[in-house]
Amino acid sequence: MRTNELGQPIGEPVPGWTPRPRPDAEVLKGRYCRLERLDPDRHASELYAADRLDTRGESWTYLAYGPFGTLDEYRAWAEPAAAGTDPLFYTVISTDPNERPGPVGVLSLLRIEPAMGVIEVGHVHYSPLLQRRRAATEAQFLLASYVFDELGYRRYEWKCDALNAPSRAAAQRLGYSFEGIFRQAVVVKGRNRDTAWYSMIDDEWPRLRERFARWLHPDNFDADGRQLSPLGAADPAPERHGDG
């Protein structure tokens with residue numbers, strides 16, 4: 001452990017650190033999807049139609065907005081969302097030959113802190129056309145790779161309602177480390193929300209990048225696009241996640 005001249009423990013130095021660029025990519029391309037900046041004129045109609053396949057509205061329970069009853073209501077949310085830079089929204093465009101092509105979900109980068117090299121992924125809303133598809137995982141990989149490999153951020157965060165079991169399972173599957181619960185963090189739709197915090201950091205990213213690459217390789221899928229090995233199979237890293 002490092003100490004200062006007073007004998008107090010201090011953190012490791014970060015030599016040559018400078019503030020990171022703000023994210024501004026218009027398009028990020030993968031094998032099974034591409035991410036485009038959210039554009040209501042080009043994306044809203046198809047996103048709304050895809051979202052409507054969730055007939056019970058379960059995918060909106062833990063978000064601060066939605067579900068939307070009409071396309072006009074959806075556009076009224078999408079237009080200011082698309083105009084902002086924090087959150088910076090992307091549309092997930094499916095290009096998977098095994099799936100219906102086109103806009104199928106959104107996600108964003110937010111709480112962007114270039115001086116500290118910290119950024120968060122959030123506002124993730126996947127329609128039934130994207131849920132449990134390989135493009136869903138690739139969309140997360142594309143953003144993480146952009147954050148670490150291109151922009152050089154040090155810390156990438158995932159936060160969700162502590163009661164949102166699918167989101168917490170997704171964070172663990174993707175390789176985030178559980179860091180704890182912030183009790184009574186916010187009020188959402190008139191309800192209390194305790195927030196579960198997860199993160200990955202730059203030192204972990206090379207191993208996680210390789211794990212994503214193995215899983216996303218075409219050889220890991222059968223002719224119908226079903227995985228042969230799960231994400232993280234044969235990963236030698238120890239399990240680091242708590243259960244909250």
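Here is a short chat about the fold in this predicted model.

Visitor: Do S7 and S8 pair in the parallel or the antiparallel sense, and over how many bridges?
Guide: S7 covers residues 177–188 and S8 covers residues 191–201. The two form a hairpin with two residues between them, and Val 188 has Arg 191 as its bridge partner in S8. Their pairing is antiparallel, over eight bridges.

Visitor: Which residue in the turn of that hairpin has a positive phi?
Guide: The turn sits between S7 and S8 and has two residues. With a phi of about 55 degrees, the residue to look at is Lys 189.

Visitor: What is the bridge partner of Val 118 in S6?
Guide: Val 118 belongs to the pairing of S5 (residues 118–126) with S6 (residues 155–161). These strands pair in the parallel sense over four bridges. In S6, the partner of Val 118 is Arg 155.

Visitor: Which residue has a positive phi although it is not a glycine, with a value of about 50 degrees?
Guide: Look in strand S5 for this one. The residue with that phi of about 50 degrees is His 123.

Visitor: Are H3 and H5 roughly parallel or roughly antiparallel?
Guide: H3 (residues 134–150) and H5 (residues 205–216) have axes 11 Å apart and pack at an angle of about 150 degrees. Angles over 145 degrees count as roughly antiparallel. H3 and H5 are therefore roughly antiparallel.

Visitor: How many nonpolar, polar and charged residues does the contact of H3 with H5 have?
Guide: On the H3 side the contact includes Phe 141, Ala 144 and Phe 148, and on the H5 side Trp 205, Phe 212 and Trp 215 are among the residues. Charged residues such as Arg 134 of H3 and Arg 209 of H5 take part too. By class, the tally is seven nonpolar, two polar and four charged.

Visitor: How do H1 and H2 cross, left-handed or right-handed?
Guide: The axes of H1 (residues 40–51) and H2 (residues 71–83) come within 10 Å and cross at roughly 130 degrees. That makes H1 oblique to H2. Residues that meet there include Leu 47 and Tyr 48 in H1, and Leu 71 and Tyr 74 in H2. The crossing is right-handed.

Visitor: Which proline is joined to Asp 86 by a cis peptide bond?
Guide: There is also a cis bond from Gly 66 to Pro 67, with omega near 0 degrees, and Pro 67 lies in the loop between H1 and H2. For the bond from Asp 86, omega is about 10 degrees, and its proline lies in the loop between H2 and S3. That proline is Pro 87.

Visitor: How many residues apart in sequence are the parts that Arg 37 and Glu 26 tie together?
Guide: A search of the whole structure finds 16 salt bridges. In one, the side chains of Arg 37 and Glu 26 meet at 3.7 Å, N to O. Arg 37 lies in strand S2 and Glu 26 in the segment before S1, so the pair ties together parts separated by 11 residues.

Key: Residues numbered from 1 in each chain as written. Predicted model: local features only at pLDDT ≥ 70, side-chain atom pairs only at ≥ 80, totals over all residues. Heavy atoms only, no water. Pairing = 2+ DSSP bridges. Axes fitted to C-alpha atoms, helices over the stretch in contact; angles between N-to-C directions. Parallel < 35°, antiparallel > 145°, perpendicular 65-115°, else oblique. Contact = heavy atoms within 4.5 Å. Salt bridge = Lys/Arg side-chain N within 4 Å of Asp/Glu carboxyl O. Left-handed = near helix turned anticlockwise from the far one by under 90°.
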